[in-house]
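Please consult the sequence and the structure alongside the text.

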Amino acid sequence: MFFVAFLLFGCSDFFHPVESTPTPTEYQYNYWLLKRTYLYESDLDTLDADGDKVENLYKALSDPYTRYVPPSKSEQTSISMNTSIVQGDVGMEYLLDASTATLSANGNHPLFIYRVYEKSPAAEAGFPRYGNIIEVNGVDLVLSPDDPTGYSVYNTYDSVLTYNKEIAYTIVFAQDTIRDTLTKTDIYAPTVFLDTVDGITVISITGFKQTTINQTSGSLGELKAYLDSTRAETNVRILNLMNNPGGHVNQCIPMADLFVSSGVLSSRYWKAFDASGKSLTLSRTIYAQNGDAGENRKFVLLVNESSASCAEIFAASVSEGANIPVIGKTSFGKGIGQTTWTTIENGMAIITNLEFLTPKGNSYHRKGIVPDYVCEGKASVSCAVTLIKNNFDKATALKKRAPKLDEFVALKRGVSSFGGAFIEEK
C-alpha cells in the first residue's frame, strides 16, 4: 500500500498529478484511487485488489462515466476535454438542406456553409455564411435522384475534406460565385454564437471549454465579452443550450454567475482523501457575485434531452437563482461529475466522485431539469420564439403547440456570430 504526500480536493474535470512512495503498478494505483474517490461505494466490493488489467477495474463498475484512458490516448483525450481545437480543418460548420438547394443548369446542390469560424482559413478567404457549396477539388456536389436527402453529397464532401490538405472550393452566394483554395490547419473554435431569429437574439452555447477562440478565458470569456458589449439590451434573449454536452465546472458556474446577482449558484458534495490516504466526503456551496452584465435582464433558457452535465448546472443556477424561465424538453439528467487524475504511466483515471445540487438543494441526477414551458415535438429555436411572443409576460406557463417554422429560413433573416469578438455576417 502507498500514501499520497498531500491533500487534493477534487473538482469535476480537473487534473491532479499525484506522487506516491513506493511507486505502485498502474493497476494498484487505479485500484487505490477508486477505493478512495469513487462515489458509489457499493460497487467497490466487486473490485479485484490483485488483478493486472486496469480496464477490468473500470468494467466492473456500474457508472458509465467512470473510465480509464490508456497513455497512448491520454494526450488526445486531454485536448478534446480542455480545448475547442478542431484539428486539420478549414473552419466551417455545414448544413445539409435539399429543400433550399441552389437550382442551376447542373442540378441541385444541398450543402451549405452554416457557420464560419473567426481566424480560420474560411474566414480569411471571406467565405459567406449560408454560401452554397457547389464543388470541391473538382467534385460536383450535386443532389442525386437516388438520394433526395443529400447524405451521399455530405459523405462525398467529408471524404474530400478528410483525405486532402488543400481544398479547392466553388461557392455560390447571392448570385455571386466564389472560387478559392483553402489549406487545412488546427483551429480554436468558438463556443458561443449569436443569431437573430424573428427579431429575437439567440445566444447559443455549444460547450464549456477552458481554451477556445478566447485562449485566455475560454467559453466564459466569450460569453462575458458579448454580455459586456450589450449591457443596454432590454429585449428578451434566448440562451440556447440544446445539445450542449457539458464541460468544465470552472467555466459553467462562473458563466451562470453572469446572470445571477446574489444567493447560491451551485452546491456539491464529493469523495476525496487526506494526506494519509483516508477517504473523505466533502461539500461546497458557491455563491453569486453581483455586478455582471447579464443580471436583471430578460432571458429564457432553451434545453433539450441532450443538454447535459455542466449545461444542467448552468440551467439549474440561472433558473432558480435568476428566475429565468426554461423552455424545451427535460434535460439529460447527469447531476454527477468526474475528477480526472494523471496516473503512474501517464494514463487518465476519470472517476465519478461528485454530485451536484440545484441552488435550492435539489438533486436532478437521472431526473433532468424540467422546463417551465414545454415544446411539443422536438425542442427548437422556433418553439422558443413562439413561446416568447405569446407567453413571456404572462403569469402562467401555457403549454401550446408551436407552429412548425422553417428555422433555416428564419435564421437567414438576420444572422451574426460571436466568438470572442463580434462579427457581423452579411
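The protein exposes about 19100 Å², and carbon and sulfur atoms supply 49% of that area; accessible areas come from the Shrake-Rupley method with a 1.4 Å probe, and for residues only the protein chains shown count as cover. The model is predicted, so that local features need pLDDT of at least 70 and side-chain atom pairs count only at pLDDT 80 or more, while totals for chains, interfaces and linings use all residues. Residues are numbered from 1 along each chain as its sequence is written, and side-chain values use heavy atoms, with hydrogens and water left out.

**Overall composition**

- The protein contains 10 helices and 26 strands; these are DSSP runs numbered from the N terminus, with helices (H or I) of at least four residues and strands (E) of at least two.
- Of the 426 residues in the protein, 53% are buried, where buried means under 20% relative accessible area, exposed means over 50%, and partly exposed lies in between (1.4 Å probe, protein chains only).
- Among contacts (heavy atoms within 4.5 Å) between residues at least 6 apart in sequence, 69% join residues at least 24 apart.

**Packing of H7 with H8**

- Helix H7 (residues 249-257) packs against helix H8 (residues 310-322) at an angle of about 20°, and their axes are 9 Å apart; axes are lines fitted to C-alpha atoms, for helices over the stretch in contact, and angles run from 0 to 180 degrees between N-to-C directions.
- H7 and H8 are therefore roughly parallel to each other, given that angles under 35 degrees count as roughly parallel, over 145 as roughly antiparallel, 65 to 115 as roughly perpendicular and the rest as oblique.
- The crossing of H7 and H8 is right-handed; this term applies if the near helix is turned clockwise from the far one by less than a right angle, and left-handed if anticlockwise.
- H7 contributes Val 249, Cys 252, Ile 253, Met 255 and Ala 256 to the contact, and H8 contributes Cys 310, Ile 313, Phe 314, Ser 317 and Val 318.
- Nine residues of the contact of H7 with H8 are nonpolar, one is polar and none is charged; Ala, Val, Leu, Ile, Met, Phe, Trp, Tyr, Cys and Pro count as nonpolar, Asp, Glu, Lys and Arg as charged, and the others, Gly among them, as polar.

**Packing of H6 with H7**

- The axes of helix H6 (residues 218-229) and H7 come within 8 Å and cross at roughly 20°, and H6 and H7 are therefore roughly parallel.
- The crossing of H6 and H7 is right-handed.
- On the H6 side, Gly 218, Ser 219, Leu 220 and Leu 223 meet Gln 251, Pro 254 and Met 255 of H7.
- This contact of H6 with H7 comprises four nonpolar, three polar and no charged residues.

**Positive phi in loops**

- Most residues other than glycine have a negative phi.
- Ala 174, which is not a glycine, has a positive phi of about 50°; Ala 174 lies in the loop between strand S12 (166-173) and strand S13 (176-183) and counts as exposed at 56% relative accessibility.
- Asn 296 has a positive phi near 55°; Asn 296 lies in the loop between strand S19 (279-287) and strand S20 (299-303) and is exposed, with a relative accessible area of 68%.

**Surroundings of Thr 330**

- Thr 330 lies in the loop between strand S21 (326-328) and strand S22 (336-342) and counts as partly exposed at 29% relative accessibility.
- Thr 330 and Val 370 are 40 residues apart in sequence and 4.6 Å apart in space, C-alpha to C-alpha.
- Not counting residues up to four places away in sequence, Thr 330 touches Asn 304, Glu 305, Lys 367, Gly 368, Ile 369, Val 370 and Pro 371.
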